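Please look over the strands and the charged side chains of the protein shown here.

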Amino acid sequence: MKLYPLKFGSVPVEREWGGTALFDKLGKTFKVKDEDGNECMLSPETPVGESYEVADLGECGESIAANGFLAGNTLEEITETYMEDLIGDNPSQYFGTQFPFLVKTVDIQGSLPVHVHPDDRTAFERYDALGKKEFWYIMEADRDAAIYIGFNRDLSATELFDRCLDGTIKESMHRIRPEKGDMIEIPAGMAHCAEGKILAGIIEEPSLIAFNLYDGKGTAEERIAHIGESMDFIRLERTNPADCISRKEGIVSDTDESTIECIRLAPEGTRSTGLEEEDSVSVFLCMEGEAGFTMEPYSDSAACRVKKGEAVVIPAAATALTIKAGKQGCTLISAKLREREEHDSYTEQG
């Protein structure tokens, strides 16, 4: 049978800095298993920091299809079965059976550690895994919330080391006050963190490798180990935060690896796109309102609707896509992969 727009159940990730906004403001419900292995609903008072909407992380988080004939199958199973039809011929050569995106919503109610992610090549060579770059869309943020991103001047390795150990590293970072509608791109190697109350949607690479430079809790030995691991890929030069932040509609990030787009549709507005020349899976995360998705060459019976905080996966085999906004309109962020000439043997071994 043919593929269609895929929607998945949300996977909760409890974090000490999380809250209940994913329940209260996005209306999410989570099915989990109790100590006896029985399925039950997660208490809405649970501090959930992250909700994986599309995830292929094995035991750390695996999405299960919620619509169509593939309902009940994991994303990993679907990827292994459909390969090029799902993620595209060129991406499958690079990623193998690893689904290439992690899509999530986050509820930050406290402080994230100052941390950094490696690039793909470093992560593969050292850890046989992918690196990570991130793209955030701010849905809500309190006035006292903050995101720290990059350094406000060039740092030496010695100063980075000292500031991470004495807890003053944030003093050397750009501090921005996030506002609803801000889109923030965080490349691999850029130190970052967040604090205060922030509700956001994130599309990123499917990797859990992170090095905590400062969290105020770990031992000096643990911190030294993380600093040492990151020292040769962290970006020590001054960053211009304006290069990382956007509020515009249309393509907001276009790199050698991927293209990120912000789509805004008026109430009951429609957007139709031909995909014959595309060779990549696309993911869409709804940030405001709701929208319906239909794709060719398949019928309307495979239509899928998403609301704020939900995601849909459009397979690479689609030749056309139509998005119709709901009565309140919609804002979506989408991501697709660019063609890569480079083979990554990480996926061939994995």
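Is strand β5 (residues 102-108) mostly covered or mostly uncovered, and how many of its residues are buried? Strand β5 is mostly covered, with seven of its seven residues buried, where buried means under 20% relative accessible area, exposed over 50% and partly exposed in between (1.4 Å probe, protein chains only).

This is a predicted model, in which local features need pLDDT of at least 70 and side-chain atom pairs count only at pLDDT 80 or more, while totals for chains, interfaces and linings use all residues. Residues are numbered from 1 along each chain as its sequence is written, and side-chain values use heavy atoms, with hydrogens and water left out.

Strands here are DSSP runs of type E with at least two residues, numbered from the N terminus, and two strands pair if DSSP finds at least two bridges between them. Strand β4 (residues 48-54) runs antiparallel to β5 and is joined to it by four bridges, with Ser-51 having Thr-105 as its bridge partner. Strand β12 (residues 198-204) also pairs with β5 in the antiparallel sense, over seven bridges, and there Asp-107 stands opposite Leu-199.

A salt bridge is a side-chain nitrogen of Lys or Arg within 4 Å of a carboxyl oxygen of Asp or Glu, and by this rule the count comes to 23. Three of them are tabulated.

| Salt bridge | N to O distance |
|---|---|
| Glu-140 and Lys-25 | 2.7 Å |
| Arg-247 and Asp-182 | 2.7 Å |
| Lys-104 and Glu-204 | 3.0 Å |

Because Lys-104 lies in β5 and Glu-204 in β12, this pair ties together parts that are 100 residues apart in sequence; both residues are buried.
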